[in-house]
Structures are given as structure tokens and as C-alpha cells.
Amino acid sequence: MKGPEPLIFELSRPGRRGSSVPSLDVPEAELPAELLRDDLPLPEVAEVDVVRHYVRLSQLNHAVDVGFYPLGSCTMKYNPKMNDAAAQLPGFAHTHPCQPDETVQGSLELMYRLQEALKALSGFDGISLQPSAGAHGEFAGMLVVRAHHLANDDQGRNVVLIPDSAHGTNPASTAMCGYETLEVRSDERGNVDLGDLARHCSERVAGMMLTNPNTLGLFDEHVLEIADMVHGCGGLLYGDGANFNAIMGIVKPADLGFDVMHFNLHKTFSTPHGGGGPGSGPVGVTERLAEFLPGPVVGREGTRYVLHCPPRSIGRMKAFAGNFAVLVRAYAYIRTLGATGLREASEVAVLNANYLRTELQLSYPIAVDRICMHEFVLAGPPANADEIHTMDIAKRLMDLGHSHPPTVYFPLIVPEAMMIEPTETESKETLDQFARDMRQIAEEACTEPELLKTAPHSTPVRRLDEVRAARHPILRYEPEDPPAAI
Amino acid sequence: MTYVPLTDAGREEMLDRIGVSSIGDLFADVPRPHRYPRIELPQPLSEMEVLRELRELSERNVDLQHSISFLGAGAYQHYVPSVVQHIISRSEFYTAYTPYQAEISQGTLQATFEYQSMICALTGLEVANASHYDGATALAEGVLMAYNIRRAKRRKAILSPRIHPEYRDVVRTYTQGTEVCVIGDESVDVDLGELIAQIDSDTCCVAIQNPDFLGELESIDQLRALANAAHAHDALLIVVAYPIALALLQPPGAYGADIAVGEAQPLGIGLNYGGPYIGYFACRKAHVHKMAGRLVGETVDVDGQRGYVLTLSAREQHIRRERATSNICTNQALCALASAVYLSALGRTGLRAVAELCYHKAHYLASRIDALEGYELTTRSPFFNEFVIRCPRPASEINAALLSAGIIGGFDLSRFDPRREAEMLLCTTEVHSRQMLDRLVHALEETR
């Protein structure tokens with residue numbers, strides 16, 4: 001069934017109801033007349049309307065349960081179903097966050113075990129499960145950096161160093177902490193340019209945010225020197241854990257000199273992305289920084305688990321303890337795989353990426369020609385396809401129907417970038433199909449460029465007018481406006 | 001257990017193709033002394049064993065399927081119709097990523113647009129974004145937005161002490177690296193008049209919660225006076241509101257709020273010991289370019305067919321980097337979907353009916369408890385579905401006694417204010433039958 005699905009508001013008919021509500025079994029109290037609203041413009045639809053509408057909408061989505069999803073930097077691995085079964089256990093799902101600690105010992109023990117597991121994998125000494133997402137974890141981590149310097153009465157540090165390959169969240173999180181950002185160049189091998197870093201190192205530096213492996217999918221060949229340089233000028237080294245899926249059981253970030261790092265449980269630890277959230281972004285720190293962690297964290301007193309706030313905490317990042325249902329899923333994943341399974345996941349993520357890189361390098365230019373980690377970056381369309389842009393390739397991939405496109409136009413330092421992360425849960429057959437599709441598109445780019453420039457042709461909608469959306473924003477349903485075209 | 005579909009033959013073929021002899025060769029860039037460290041984790045288990053272990057762990061909790069609870073205080077137990085779980089469990093929603101490629105993400109995009117429209121309907125404001133992590137972070141982003149709208153020149157953010165204490169904590173966390181000065185909540189007994197007195201030309205915003213943390217509702221006259229006072233000083237009014245209450249009560253947009261935020265967990269999302277929840281965020285259209293977070297907008301495709309895209313992203317971190325309105329780069333998409341499904345299923349009349357049930361049951365329970373010897377209702381009318389009672393003994397002792405009777409009592413207010421040792425905040429919703437309410441009354445009488 002193709003064609004546009006009406007808005008749920010457009011399906012509304014006065015008097016229709018999609019749910020039943022218990023009847024009033026207590027005496028009616030007087031309602032405060034002056035406070036009451038007279039109109040509530042929500043839809044009126046039957047339950048069958050609700051189900052058909054949202055099922056039809058769901059069918060307009062690509063998803064990792066439907067097919068390959070090689071979005072670089074997003075780690076779209078398969079989400080094991082038992083994790084959901086664990087999160088839906090009534091004892092976990094139906095507990096209120098304000099219950100006394102003694103009535104939620106099971107939840108607290110699970111959180112404690114997850115803290116310990118993240119410590120074991122990263123080498124850090126303190127973990128807070130509070131942050132709700134990667135960017136939230138970055139913000140928390142950089143506030144910890146700030147708190148550390150303030151505690152040392154080191155007020156002059158107002159700069160954070162960020163490589164030019166970094167995720168946009170890094171400078172944005174830094175700015176939210178009141179810091180100025182200084183960009184550090186990458187060298188031709190995709191590493192941090194040590195000369196440029198040396199020029200920026202000074203007593204003004206609060207720290208550096210480093211993603212390793214970086215967004216080119218490369219493990220920095222000088223990571224130990226970088227750590228020494230940043231520490232040498234009194235700064236702290238922050239690790240963006242977005243790419244932790246490459247190194248579980250391979251290396252512990254704390255051993256490399258990182259002082260703080262966030263984890264993306266929704267990437268590395270297989271919790272479903274839900275269309276863009278919810279996630280969870282715990283933050284880990286070395287021993288000297290643990291007192292600044294956002295609270296509450298879970299501690300153990302004898303056989304009892306308790307929530308407490310670290311002594312010099314930066315404060316809370318959200319209400320209540322954390323995105324608990326996401327934590328359950330991540331813990332179930334870790335418990336199922338163990339140290340060997342997690343290491344195997346990282347090894348195969350890296351193997352898959354290198355295999356695909358080898359295949360695609362035959363038809364596309366690569367940003368940096370090196371062994372990669374869990375992802376790699378192509379430098380745009382084939383050399384002889386002048387009229388074609390990366391976006392055209394992405395759109396054409398949708399027509400072929402096997403795969404979501406890669407991340408495009410990121411990292412910013414590679415013009416026309418295509419960032420590809422296959423993850424460990426894809427088979428060789430899936431990778432081969434993707435390589436065949438990409439080869440076909442490379443040929444079409446030269447022989448039938450129009451086919452790419454007008455793609456996609458077979459999707460529920462075709463290329464959408466983003467300029468119009470931004471110039472004349474329509475951000476909600478307004479009944480008085482006639483629908484654009486239906 | 002492994003989720004890796006790799007075969008031995010496949011591994012050899014792939015290594016051969018890459019031109020290395022072992023997987024270990026792929027990690028040559030990792031400093032050798034630190035490569036392959038020892039990782040101390042429990043031995044892996046099968047799916048059956050892990051689920052058994054976790055079920056045993058979960059059963060150490062006292063859960064709300066097996067006991068009655070009267071906790072609210074920012075997280076609310078409402079009935080979630082079966083359609084909600086059914087829809088959000090659809091793999092196509094559940095396992096999709098951020099809708100970066102609009103042509104194959106119309107499901108998430110349109111559902112988010114519908115969610116935004118419903119939040120506008122509830123709050124009476126013109127624009128709502130795709131959501132924040134929770135109500136507390138939505139408030140913090142609202143304060144930062146007001147600060148940025150006034151170009152970081154006005155430093156005072158006035159917070160009512162009647163805003164949820166954890167929300168106020170989060171505002172302080174979010175603003176600690178800025179020049180924002182959070183004031184207004186130093187003393188608990190501050191009314192709107194005293195907040196108005198603090199507004200001046202250095203104020204970027206004033207924020208209140210209505211119904212407030214203790215359940216009380218402000219009068220429309222007072223709310224309008226507050227909005228007028230804020231606007232007279234060119235400051236913004238931010239209102240934190242319980243979304244179910246908005247089905248019954250005048251929305252923030254109607255009494256002059258510039259920004260409305262709150263916790264949308266009551267709209268179809270389970271309690272889950274505190275998360276994931278969803279912060280809703282709505283504001284006036286004039287401020288949309290300073291708003292944090294994702295927005296979905298309507299447009300057309302090359303054939304003129306209606307479709308939806310992420311829009312106005314020049315505000316966001318992936319474009320604007322250190323000059324972005326916020327670092328946020330996700331929303332609580334699945335929770336927003338749950339809320340949209342919930343609000344569709346409940347609809348115009350159903351949501352109002354739920355709100356009225358909450359109201360009537362709270363007033364019934366409050367009057368029954370107030371009539372008990374030793375107990376006193378201290379909340380002023382009008383209130384919505386939460387109210388404070390003063391107990392004859394410390395609330396912790398009353399709650400311990402209730403727990404042994406299978407009842408999780410109210411929120412012990414001494415947790416935020418040691419002087420309120422004998423007070424608890426009780427909450428009722430449509431899940432409480434009269435029999436449950438009477439059981440609480442009886443148990444309170446017994447534990448006097």
C-alpha cells in the first residue's frame with residue numbers, strides 16, 4: 001500500500017473513541033471553574049484507526065530489523081530481543097523512582113553490576129549511569145573536568161582542544177561548560193597533527209576531547225604521546241566513547257591515558273535506537289575525578305545497595321537515577337556475551353569494516369588508505385563521475401532496497417564524505433550485497449548520472465524540499481491550513 | 001552466546017581479501033603493552049540462564065503490579081492502553097535510527113510531527129520540538145534558551161521554590177559553566193507575588209510549576225499577573241506543567257507563558273524506575289530559532305507529495321558546533337511515539353476523563369484522610385491530583401507500616417526538607433479504585 005498516510009488529526013471524527021476509561025467510583029468534587037479549559041484539540045479516533053495508522057507509518061521506515069544499516073558513527077548493530085524481555089520483567093518495569101532504596105534492591109544491584117562491568121571494560125574507577133545520551137554524557141564529563149580545575153583553584157584554564165574530525169557534539173558540549181574551543185588539525189594519516197597540538201598546548205588548556213578510534217575510523221597512532229602532551233600542560237584527556245565498539249576487550253581507554261569517557265549504551269551495548277532515542281550515556285572517570293561525578297550513583301554498604309551523591313558532585317544531569325530500562329538491556333547484553341563475547345564483537349566489527357573497505361576501495365576513493373577500525377570513510381563519488389555528489393549515491397542506495405545509506409558529509413574534513421560502519425552482526429553475504437550495490441552505483445554514476453540525481457524513485461516519498469521546510473516552517477497540524485498536497 | 005554470524009570459512013576468506021593473516025593484525029595501531037588486557041567479567045551465560053538470573057534480581061524489588069502505590073512527585077502511574085506497547089514494539093519504529101534520510105524514515109518523522117502537534121494542543125503554544133531527555137532537562141534548556149534570547153546579557157533566572165527540587169538541581173547543573181545566576185528558590189515559602197517582586201531588567205526568565213511540586217494550582221489572575229510582570233521587564237515566563245492536568249486546566253499558552261515544559265512520561269510511558277522518560281518542550285513561534293532540540297517540519301517532495309523532514313537544523317550542533325543552541329543531538333523518539341499513540345487512543349474526551357478521575361479521586365482521598373484523627377491535609381485548594389498530609393508520626397515510620405500492609409505510601413518530604421519530617425506528598429490517578437483509596441485510609445488509621 002503506497003501513497004501518503006493522512007495525519008491522525010485528519011482521521012478524526014467527532015464522538016469516536018479509541019480507549020475506555022473506568023467510571024467514577026468516588027463522589028464528584030467541585031471543579032475549579034475559572035481554571036478549566038474549554039477546548040482540547042486532540043484527535044477523536046477509534047482503536048482500529050490508531051493501530052492501522054501507526055502500523056502504516058511504521059512501514060514507511062527503514063530499521064535494523066528490516067535490513068543493513070551501515071551508518072558510520074552510529075553502531076547500528078542488531079538489538080537482541082532477550083534484552084527487551086529482561087527490561088519488561090514486572091519487577092523492573094513497574095517500579096517508581098521515588099521508592100525507598102530497600103524496596104528496589106534488585107534495580108540497584110543491577111545498576112551496581114553495570115557500573116562494575118563498565119569499569120572492567122574501560123579501566124576507569126568511577127562510573128555514573130545518570131546521563132541520558134552520548135551528548136549528555138559529554139556535557140557531564142566536561143563539567144567534571146571543569147570541577148576538577150576549579151577544585152584546584154586553577155581558574156585560568158578556559159580552552160578545550162578539539163580535533164577537526166570531532167563530532168559536532170564535542171564543541172557544543174564544551175561551549176555549554178563555558179569553555180572556548182580550539183580546533184586541532186589532523187595529519188595526512190588521519191591522526192591528530194602533533195605539531196599543531198604542541199602549538200595549542202598551554203596553561204590555558206582545560207583538556208582535550210579525543211575520539212579514538214576517530215571519526216575516520218582510525219586508531220590514532222600517537223595516542224600515548226597525545227595523552228602525555230595534554231597532561232604535560234595540566235589538561236585532562238576526555239574520550240568520546242562513540243566508537244567504543246571497536247575496542248572492547250582490545251584496549252582499556254584508562255590505560256591509554258584518558259581521564260574521562262562517556263559510553264553510548266545504545267550503540268556499543270546493543271540497546272535499540274527507537275528512531276533517535278532513548279539512549280543512555282554513562283560517564284566513567286579515573287579515581288581522582290570520581291568525587292565530581294554526577295549523582296546519584298549506586299554504592300554498596302555490606303550486602304545492601306544504596307543511592308548516594310559523590311561528595312563534590314557536579315550535580316544531577318536529570319531527575320531520578322538514569323534511563324533504567326536502557327541500563328537493564330545493556331547489562332543483559334554484557335551478561336550474555338561476557339569478556340570473550342564482547343571482545344569477539346569488537347574484533348568482528350573491525351574485520352567486517354576492513355573487508356568492506358577493501359571491497360569498496362576498488363570503486364571509490366578512500367579518505368585515508370590505512371587499516372581501519374570499526375568504520376571507514378570514503379571520499380565521495382568515483383573520480384570520473386563529475387556530476388555526482390555523495391547525496392546522490394545515498395539516495396540511489398535506497399532504490400536498491402537492501403540497505404540504509406551510510407552517514408554522509410561527515411566528518412567535515414573529508415569533502416563528500418561517506419562514513420560506513422557495518423558492525424559485527426552482519427554476515428559476509430550482507431556485506432557482499434552492499435559492495436555489489438555500491439559497485440553498481442559507481443558504474444551508474446558514470447553511465448546514467450540522471451538516474452542517481454533523480455533518486456530515489458521507489459521510496460514512499462521522493463526527495464523532499466528541505467529549503468521550503470526551513471523557509472516556511474510548518475511545525476504542527478493546523479486545521480485551518482489546507483494540506484500542502486495530498 | 002554470540003550475535004555474530006561469522007563462519008570460520010568466512011573469516012579466512014575475508015582476512016585473505018584484506019591481506020592480513022589474523023584478526024590481531026588489524027589492531028597493530030593499538031600500543032602493544034596495552035593490547036588485549038585482562039577483563040574481569042562474570043562468565044557468559046545462555047539466554048535462559050541470564051533471564052532467570054535477572055528475573056530473580058527483579059523479584060527483589062517491590063513492584064507496583066503487586067502493591068498499591070501513592071507516589072507521584074514527578075513520575076506518575078497511569079494506565080497505558082495495550083495499543084501503545086503494541087505500536088512502539090514494531091521493529092520498524094523500535095530499531096530505526098534518527099531519521100536522517102527522510103525518504104525512508106517517514107514513519108518516525110510523521111509520528112514526531114503528530115507528537116509535536118499534540119504537545120502544541122495541550123500547552124496552547126505554537127511550536128513544540130521533538131522532545132528532550134526528561135522534564136528536568138527540558139526546564140534547564142528552557143532557562144538556557146531564555147538566557148540566549150536575551151543575548152546572555154541578563155543573568156538572573158528566577159525559579160519558584162515550588163518547582164520539583166530535582167528539576168531545580170538540574171538547572172543549576174546545566175548553568176554552572178555560564179553566567180546565569182539562579183535565584184528565587186532560597187526559601188520554600190515564596191508566593192507568586194514575591195517572585196514578581198524579584199523580576200528586574202537583569203532577569204532573563206521566571207519559571208514556575210503549575211500544578212506545583214506539592215500539587216497546588218495558582219489562580220488565573222495571579223498567573224496572568226506574573227506573565228505581565230515578566231513581559232513588562234522583557235523577561236520570559238516558563239511554566240512546568242503536568243500534561244494530564246492540561247486536559248482539564250487552562251494551558252500555559254492561555255495565561256501568557258512563553259515556554260512550557262514538563263515530563264510527558266504520564267502520556268503512555270511506564271515508570272521503569274525513573275527512565276527513559278521524555279521532556280516535552282513548547283514555545284512561542286517567535287523564539288523557534290533559539291530553541292534547542294530536533295524539530296520536524298512539513299514539506300513536499302519533487303512530485304508535490306506531502307512529506308516530513310528534520311528542519312531548522314542550523315540551530316543544532318552538527319551544523320553550528322560550538323555556536324549551537326544546545327549540544328543535544330537526539331530526542332526521546334520512541335517515547336514521543338508512545339505519547340502520540342497514547343494521546344490518539346485517549347483522544348479529546350478520554351484524556352479529559354482521565355484528568356477528571358485524577359482530580360476527583362485525589363479530592364476524595366484528601367478529604368477522607370483529613371477527617372482522620374491525627375492527620376491533616378495541608379495543601380490549599382485548588383489542587384489537581386497531589387496533596388500534602390501532615391502525619392501524627394514521621395512519614396518514614398508511617399510508610400514503613402504501610403509497606404508491611406502492601407502499600408507504598410506517599411513521597412516523604414523530609415527527603416528535600418528535614419523540617420517536613422511528618423509530611424508526605426500523596427498522588428492518585430485513574431489506576432486507584434475507591435477500594436484502594438479506602439484501604440490506604442484504613443491503613444493510615446491503623447498506623448496512627
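A residue is taken as buried if 20 or more other C-beta atoms lie within 10 Å of its own, and as exposed if 12 or fewer do. The structure described here is a predicted model. By this criterion Phe320(A), with 25 C-beta neighbours inside 10 Å, counts as buried. Phe320(A) is placed in the loop between β9 (304-308) and α10 of chain A, and its phi is positive, about 65°, although the residue is not a glycine. A positive phi, of about 60°, is also found at Asp153(A), again not a glycine. This residue belongs to the loop between α5 (134-151) and β2 (159-163) of chain A. Asp153(A) has 7 C-beta neighbours inside 10 Å and therefore counts as exposed.

Two cis peptide bonds in chain A may be described alongside these backbone features. One runs from Gly277(A) to Pro278(A), with omega near 5°; Pro278(A) is located in the loop between α9 (265-268) and β7 (283-285) of chain A. The other joins Phe410(A) to Pro411(A), with omega near 0°, and Pro411(A) is part of the loop between β11 (407-408) and β12 (418-420) of chain A.

As to its overall fold, chain A contains 14 helices and 12 strands. Its C-alpha atoms occupy a box of roughly 70 × 70 × 45 Å along the principal axes. Of the 486 residues in chain A, 61% are buried. Among contacts in chain A with a separation of 6 or more, 72% are between residues 24 or more positions apart.

The two chains meet through 171 residues of chain A and 167 residues of chain B. On the chain A side, helix α10 (residues 324-360) supplies the largest share, 21 residues. The side of chain A that touches chain B comprises 99 nonpolar, 44 polar and 28 charged residues.

The largest nonpolar core has 319 residues, and those with the most contacts inside it are Val144(A), Leu139(B), Val143(B), Ile238(B), Leu337(B) and Val341(B). Helix α11 (residues 333-370) of chain B provides the largest share of this core, 24 residues. Beyond its neighbours within four places in sequence, Val143(B) contacts Ala157(B), Val171(B), Thr175(B), Val180(B), Cys205(B), Ala207(B) and Ile238(B).

Helix α12 (residues 428-447) of chain A has 20 residues, which at 1.5 Å a residue should span 28 Å; the end C-alpha atoms are 28 Å apart, in agreement. Buried positions in α12(A) are Lys428(A), Leu431(A), Phe434(A), Met438(A), Ile441(A), Ala442(A) and Ala445(A). Viewed down the axis of α12(A), the buried residues fall within an arc of 145° and so line one face of the helix. An α-helix has 3.6 residues a turn, so residues three or four places apart point the same way. The exposed residues Glu429(A), Glu443(A) and Thr447(A) are carried on the face of α12(A) turned away from its buried side. The buried residues of α12(A) pack against α10, α11 (390-400) and α13 (449-453) of chain A, and also against α1 (8-18) of chain B.

In chain B, helix α5 has 18 residues and reaches 25 Å from first to last C-alpha, close to the 26 Å expected at 1.5 Å a residue. Because 18 of its 18 residues are buried, α5(B) is largely enclosed by the rest of the structure. Gly124(B), which follows α5(B), has a positive phi near 70°. Within this helix (residues 106-123) lies Leu122(B), which is buried, with 31 other C-beta atoms within 10 Å. Residues up to four places away in sequence being excluded, Leu122(B) touches Pro243(B), Leu246(B) and Pro251(B). The C-alpha atoms of Leu122(B) and Ser201(B), 79 residues apart along the chain, are separated by 31 Å.

Ala422(B) is situated in the loop between β14 (411-412) and β15 (423-427) of chain B. With 20 other C-beta atoms within 10 Å, Ala422(B) is buried. Apart from neighbours within four places in sequence, the contacts of Ala422(B) are with Arg390(B), Cys391(B), Arg393(B), Pro394(B) and Ala395(B). Pro392(B), 30 residues from Ala422(B) in sequence, is 6.9 Å from Ala422(B) in space, C-alpha to C-alpha.

Definitions and conventions: Residues are numbered from 1 along each chain as its sequence is written. Chains are lettered from A and ligands numbered from 1 in the order in which they are written. This is a predicted model: local features need pLDDT of at least 70, side-chain atom pairs count only at pLDDT 80 or more; totals for chains, interfaces and linings use all residues. Two residues are in contact if their C-beta atoms, placed from the backbone, lie within 7 Å. Helices (H or I, at least four residues) and strands (E, at least two) are DSSP runs, numbered from the N terminus. Ala, Val, Leu, Ile, Met, Phe, Trp, Tyr, Cys and Pro count as nonpolar, Asp, Glu, Lys and Arg as charged, and the others, Gly among them, as polar. A nonpolar core is a set of buried Ala, Val, Leu, Ile, Met, Phe, Trp, Tyr and Cys residues joined through C-beta atoms within 7 Å. The expected span of a helix is 1.5 Å times one less than its number of residues. The arc is that of the directions from the helix axis to the C-beta atoms.
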